[in-house]
Amino acid sequence: MALCRAGARGALWRLGPGPGPAWGLLEPRPPRGALRIAVRCRSAEAGSRGALAALVRGVKRLNGRYERFLQRSFPRFYALYAVFTGGVRSLAVEVKEVRRIRQEMARQKLSAQQLPYRDMERLRQFRRDVIKAIPVGLLAIPPFANFLVIVLMYFFPRQLLIRYFWTPSQQLEFLDAYHAIRSAAYAEVLQSLALAASSLPEPRLQTQLQELCTKVQRGSQPQVAELYALRSLFSGPPLGLSKLRASHVRALSRVLFLTPHLPAFVLRHRLRGHVLEIRHLDQALLRLGLGQLAEEELRAACYLRGLNSTHLGLAECRAWLEQWLRLSCKLQVSEVSLLANSMVLLSLNYLRAKE
């Protein structure tokens, strides 16, 4: 009997206390007021979300009515309004993409030259847009100056607005205008090359460069092999980038849309940086492949390198860019002066040669 009672006590000790009413009474229960507060917070949060969603729907509905009113009553103003709002959205997307690229560069410890082609080109173009927009932003800082800025942007959109706020017709018009500005320096670049050829010590190379300049001045298109054969002339005096005459450097600066109104040593430094950037883009583009470029990307790549691609077909743009890449990716860093001058030599008579 005693053994049975001892065994029962041992079994109960091993099993431990079972859940029962006595143990449940010992558990703490939240007060009723706390439960009511939690329920009220959840219901208030759900109500605020619903109110915010209703407010957003109401704003969108009012905005749609406002846009339809503008479209009916003021069609010309509505066209400007649509371009502006579309530009703001595109700019916001671009800022988001640039932030993503910067974060990726910091995370992987990459330099700009190691990026894929599209990321590298996006950073380059965004930097130029920011530089162009900074003076407008500074001009709008004083009180009531923003109204003056709006008027100036309306009358001088090419000079003051960045590309996101151009209409499609303005894009073609402004690209033609910018190309006319830089093509005015093409003849000066050729004259500088011909002048430098007369001072070369080696007669054979002097004759080759003079014949090349004469060929281009008469309207012919040089071949990549002809330019590549002269590459040694562009790594030292008088045609190396650091040895160019000041007038030659200023003409090349205008070709690359750089201001020529700076000291010659500053212009040489800026010119070298921009040409090396194009060379890095060429290497990234070669890795990507020309076949991967969309039409807009293909035209933009040709335009950056000196060719006015706004009135060319896709096949013509692709053929010209293939020639450019064949030359660019063979040149060394010390020969980038030839790449800068080839923006004129390869593009000046391309349209005439195709005709």
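Where is the place of K109? K109 sits in the loop between α4 (75-108) and α5. The model described here is predicted. The protein has 17 helices and 0 strands. Of its 355 residues, 34% count as buried.

**The whole protein**
- The accessible surface comes to about 22,000 Å². Carbon and sulfur atoms account for 62% of that surface.
- Take the contacts between residues at least 6 apart in sequence. Of these, 63% join residues at least 24 apart.

**Helices α5 and α13**
- Helix α5 covers residues 117-139, and helix α13 covers residues 264-288. The two pack at an angle of about 150 degrees. Their axes are 8 Å apart.
- Angles over 145 degrees count as roughly antiparallel, so α5 is roughly antiparallel to α13.
- The crossing of α5 past α13 is left-handed.
- On the α5 side, the contact is made by Y117, R118, M120, E121, R124, R127 and R128.
- On the α13 side, the contact residues are H274, E277, H280, L281, A284, L285 and L288.
- By class, this contact has 6 nonpolar, 2 polar and 6 charged residues.

- Phi of K109 is near 55 degrees. That is a positive value in a residue other than glycine.
- K109 has a relative accessible area of 76%. Exposed means over 50%, so K109 is exposed.

- F257 lies in the loop between α12 and α13, just after α12.
- Phi of F257 is near 60 degrees, again a positive value in a residue other than glycine.
- How exposed is F257? F257 is partly exposed, with a relative accessible area of 30%. That class lies between the 20% cut-off for buried and the 50% cut-off for exposed.
- Leaving aside neighbours within four places in sequence, F257 is in contact with R128, Y178, R182 and Y303. One of these, R128, is also among the α5 residues that make the contact with α13.
- F257 and Y178 are 79 residues apart along the chain. Their C-alpha atoms are separated by 8.3 Å.

**The loop between α11 and α12**
- A cis peptide bond joins P237 and P238. Its omega is about 5 degrees.
- P238 lies in the loop between α11 (224-228) and α12 (246-255).

**Buried residues of α12**
- Which residues of α12 are buried? They are H248, V249, A251, L252, S253 and V255.
- These buried residues pack against four helices: α8 (168-183), α9 (186-197), α13 and α16.

**S337 in α16**
- S337 is found in helix α16, which covers residues 336-345.
- Is S337 buried or exposed? Buried means under 20% relative accessible area. At 1%, S337 therefore counts as buried.
- S337 touches F234, L239, G240, L241 and L244. Residues up to four places away in sequence are not counted here.

How values were computed. Residues are numbered from 1 along each chain as its sequence is written. This is a predicted model: local features need pLDDT of at least 70, side-chain atom pairs count only at pLDDT 80 or more; totals for chains, interfaces and linings use all residues. Side-chain values use heavy atoms; hydrogens and water are left out. Axes are lines fitted to C-alpha atoms, for helices over the stretch in contact, and angles run from 0 to 180 degrees between N-to-C directions. Angles under 35 degrees count as roughly parallel, over 145 as roughly antiparallel, 65 to 115 as roughly perpendicular and the rest as oblique. A crossing is left-handed if the near helix is turned anticlockwise from the far one by less than a right angle, and right-handed if clockwise. Contact means heavy atoms within 4.5 Å. Ala, Val, Leu, Ile, Met, Phe, Trp, Tyr, Cys and Pro count as nonpolar, Asp, Glu, Lys and Arg as charged, and the others, Gly among them, as polar. Buried means under 20% relative accessible area, exposed over 50%, partly exposed in between (1.4 Å probe, protein chains only). Accessible areas come from the Shrake-Rupley method with a 1.4 Å probe; for residues, only the protein chains shown count as cover.
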